[in-house]
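Please read the points below alongside the sequence and the structure.

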Amino acid sequence: MYGGLFRFVGEMGFFSTLLGIIGFGIGIPLGLVMGFFLFIFSKPDKVKDPMIRPIYELDSDALEELIPEIPLWVKHPDFDRVDWFNKFLAAMWPYLDKAICPSIRAMTKPIFAEYIGTFRIQSIEFESLSLGTLPPKLYGFKVHETDENELVMETAIRWAGNPDVVLVLRLFSLQIRIQLIDLQIFAAPRIVLKPLVPAFPCFSNIVVSLLEKPHVDFGLKILGGDIMSIPGLHQFVQEAIRKQVLNLYLWPRVFEIPILDASVGATKKPVGILHVNVVKALRLSKMDLLGTSDPYVKLSLSGERLPSKKTTIKMNNLNPVWNEKFKLVVKDPESQVLHLRVYDWDKVGGHDRLGMQLVPLKVLAPYETKELTLELIKNTDINNHQNKKPRGQLVVELTFTPFRVESSKSSSRLDGCRSMVSQNERDIHDDFVGGGAGLLWVKIQGATSVEGKRHSNPYAVTHFRGEKKKTKMVKKCRDPVWNDEFQFMLEEPPLKEKIHIELGSRRSGLFGFLSKESLGHVEINLIDVVHNGRINQKYHLINSRHGMIHVEIQWTQ
């Protein structure tokens, strides 16, 4: 009897324990779900208004907490107020909203299309897309002056917006609505417009980078609930976005937006040297009355405004031998063409053309010497029947030598800084600088505060190794801009040489040379150019009160 009672009590205890475990397993998840939804959807009954007090009533601790919120134009005197721009942006914001949102839809459409079919996703599309009614604001603006051909600006942007962005995701047979709310973005970008070109909008690219870590905060509603309210998730998502943005755009990383084609207004830099050996000519046409000719050859590259190079004149010779060598600067070996023209020299009147020929540089392999025997033609018109007439042959040897990539050491605006090493250190460095032929490229960009006693029609003259090259004259100007380029072909690096640049002024007219006067001069040591590859800076003019000249020099080999 007692044994049966004990068995009954034992069975009841087992079932009670089992029911307790089941209740605990169901109650805990049910309670968490109910608490989550109550936490998300519940709203406080009373919200107190914030206390607003004048700044002069705050103590030092409260003021220190507000310092990060003070606009940059208050903390930094070199930042300007941009209230006018904020008013302009506020007026234009509704129109910018309508212009930007269609672009966002078009940009995201191919991105969404990549996910269709994966993870059983049937479609992704915007139900609504608007940037809201609150525009971003700029809290200060600064423009940097540099020696480069660019415009550098820095600002602080804050956007506490109310965008209406709803994304609909169709998964299986479910329709999931994802809504972006309470967006806040605080960032300090650097915006660079470069290079500046003489074509609207006067710059080719917009380069954007972030100077410090941005602040990004937002809410995300899924099925009506703000999932960013889940403890720990908000901080995790915010930190992940911040790291991703920093990896892409934190300076020195940049985001480049092309505005104009790269060829518009671009100044192509030299990339190599074309060595031309004019060997000889065969069976040239007879142009003189005595049945002979006095030939010479002119050679030049397409796209260059430099004077053509010429061989010597071979008198009374239809099969001249020159073996004369020339060097031409190449800027684009894929498109440039070598022009070869043979002339008959005449003492009186114009010289007669005996024939011509063209050689595209793209047929030349770097460092390989190629000998060509060219059939001379009258002109480049293939339909001209006179091109079928024999005019002789021209034999040339061509070698294209590209510059070493490492010779252009740096192209940032920090290159404008001169090397501040001692003379002993420079002598040590001389042993490590590679020798060989190269190109010294000089660009006289402009000058400021130059003024003559009787007139101000400034021009610049560059003196180097006995060569004299002159810029154009700018009339009645104290701050001339030339942007004239000069090239000097050298057999070895100019380690111990200087380049002399002199500014002058003269009256315009026939006898203007009688009224020349000096506006100052400068001498630049080229050792820094050889070691750095490039310098770009302004120099104070000697014998000038306030005058300065802006020069860019590059050495490539």
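Proline 195 sits in strand β6 (residues 189–196), where strands (E, at least two residues) and helices (H or I, at least four) are DSSP runs numbered from the N terminus. The peptide bond between lysine 194 and proline 195 is cis, with omega at about -15°. This is a predicted model, in which local features need pLDDT of at least 70 and side-chain atom pairs count only at pLDDT 80 or more, while totals for chains, interfaces and linings use all residues. Residues are numbered from 1 along each chain as its sequence is written, and side-chain values use heavy atoms, with hydrogens and water left out.

**Backbone geometry**

- Most residues other than glycine have a negative phi, and most peptide bonds are trans.
- A cis peptide bond also joins phenylalanine 200 and proline 201, with omega at about 10°; proline 201 belongs to the loop between β6 and β7 (203–210).
- Tyrosine 367 is not a glycine, yet its phi is positive, near 70°. Tyrosine 367 is placed in the loop between β16 (352–360) and β17 (370–375).
- Tyrosine 367 counts as exposed because its relative accessibility is 55%; exposed means over 50% relative accessible area, buried under 20%, and partly exposed in between (1.4 Å probe, protein chains only).
- Asparagine 543, also not a glycine, has a positive phi of about 65°. The loop between β25 (534–540) and β26 (548–556) holds asparagine 543, which counts as exposed because its relative accessibility is 66%.

**Helix α5**

- Helix α5 covers residues 233–249, 17 residues in total, and spans 24 Å from its first C-alpha to its last. That is close to the 24 Å expected at 1.5 Å a residue, the expected span being 1.5 Å times one less than the number of residues.
- Gln238, Arg242 and Leu246 of α5 are buried. They lie on the same side of α5 because they cover an arc of only 65° around the axis, taken from the directions from the helix axis to the C-beta atoms.
- The buried residues of α5 pack against β8 (215–222).

**Confidence**

- The chain has an average pLDDT of 80, and 81% of the residues score at least 70; pLDDT is the predictor's confidence in each residue, from 0 to 100.
- Over residues 406–434, pLDDT stays under 50. For this stretch the model has 49 contacts beyond four places in sequence, a contact being heavy atoms within 4.5 Å.
- Where pLDDT is low, the predicted coordinates should not be read in detail.
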